[in-house]
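Trainee: Hi! Could you walk me through this protein?
Mentor: Happy to, let's open it up.

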Amino acid sequence: MRSEPADATDPALETVRPGQPTPGSVGRVGPGAHEGLADPTGTGRRQRHELWMRRALEVAVTGPTRPDAAVGDDDVPVGAVLYGPDGTELAIGRNERELTGDPTAHAEVLALRRAAQRSGRWRLDGCTLVVTLEPCTMCAGALVLARVSTVVFGAWEPKTGAAGSLWDVLRDRRLNHRPEVYGGVLETETAAVLRAFFR
């Protein structure tokens with residue numbers, strides 16, 4: 001019998017620090033050796049998440065189009081990539097609020113919209129969303145509604161983060177869906193891009 005995903009109220013999380021993976025089930029705190037992470041030659045979950053985060057960083061810096069295309073300097077450089085259950089890249093998004101004048105044009109929302117349009121369905125079961133900054137409440141809500149299975153993010157956002165910093169929408173037991181969450185992946189690199197923008 002499969003157990004429910006854990007959330008912030010579960011006793012299994014009492015020993016989990018911010019930045020550690022969320023338990024996928026009670027009694028399992030984060031990924032382990034059985035998932036290939038102890039083998040440096042294998043491609044386990046952590047290696048895959050770091051590889052995918054590097055792609056999200058590329059999107060944050062270069063934008064969702066061609067690498068040589070101009071990117072609006074006014075948009076905060078946050079990049080998101082949505083991967084299908086088989087690991088194929090389904091869609092990407094970069095913040096475009098200033099570019100489009102759309103207050104909902106966050107990287108995560110744009111990636112979700114594009115993936116749904118591409119697949120022809122709003123349910124994105126089995127998919128993984130990788131984003132360079134902890135999602136806000138709007139984006140976390142959209143990820144829950146889209147039934148995304150896993151959320152991987154880079155830098156923590158203590159002012160507006162809704163994946164463990166200020167709120168924990170993604171793991172709220174009251175909601176009908178709770179993705180597995182991995183925070184702080186390549187945190188130093190993702191935070192550096194944001195710090196450079198705000199200088």
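Trainee: What should I know before I start?
Mentor: This is a predicted model, where local features need pLDDT of at least 70, side-chain atom pairs count only at pLDDT 80 or more, and totals for chains, interfaces and linings use all residues. Residues are numbered from 1 along each chain as its sequence is written, and side-chain values use heavy atoms, with hydrogens and water left out.

Trainee: What pLDDT does the protein average?
Mentor: The average is 81, and 73% of the residues score at least 70. pLDDT is the predictor's confidence in each residue, from 0 to 100.

Trainee: And where does pLDDT stay under 50?
Mentor: Over residues 1-41, for which the model has 69 contacts beyond four places in sequence. A contact means heavy atoms within 4.5 Å.

Trainee: New topic: what volume does the largest pocket have?
Mentor: About 360 Å³. Of the 18 residues that line this pocket, the closest to its centre are Val76, Val78, Leu133, Glu157 and Thr160.

Trainee: How is a pocket defined?
Mentor: On a 1 Å grid over the protein atoms alone, where a 1.4 Å probe fits, a pocket is an open set of points with protein on both sides within 12 Å along at least five of seven lines; lining residues have an atom within 4 Å of a point. Grid points are joined across faces, edges and corners, and the volume is the space filled by probe spheres set on the points.

Trainee: Is Cys139 buried or exposed?
Mentor: Cys139 is buried, at 1% relative accessibility. Buried means under 20% relative accessible area, exposed over 50%, and partly exposed in between (1.4 Å probe, protein chains only). Cys127 is buried too, at 3%.

Trainee: What does His106 touch?
Mentor: Leaving out residues up to four places away in sequence, His106 touches Asn95, Arg97, Cys136, Met138 and Cys139. His106 is buried, with a relative accessible area of 15%.

Trainee: And what about His49?
Mentor: His49 is buried as well, at 5% relative accessible area.
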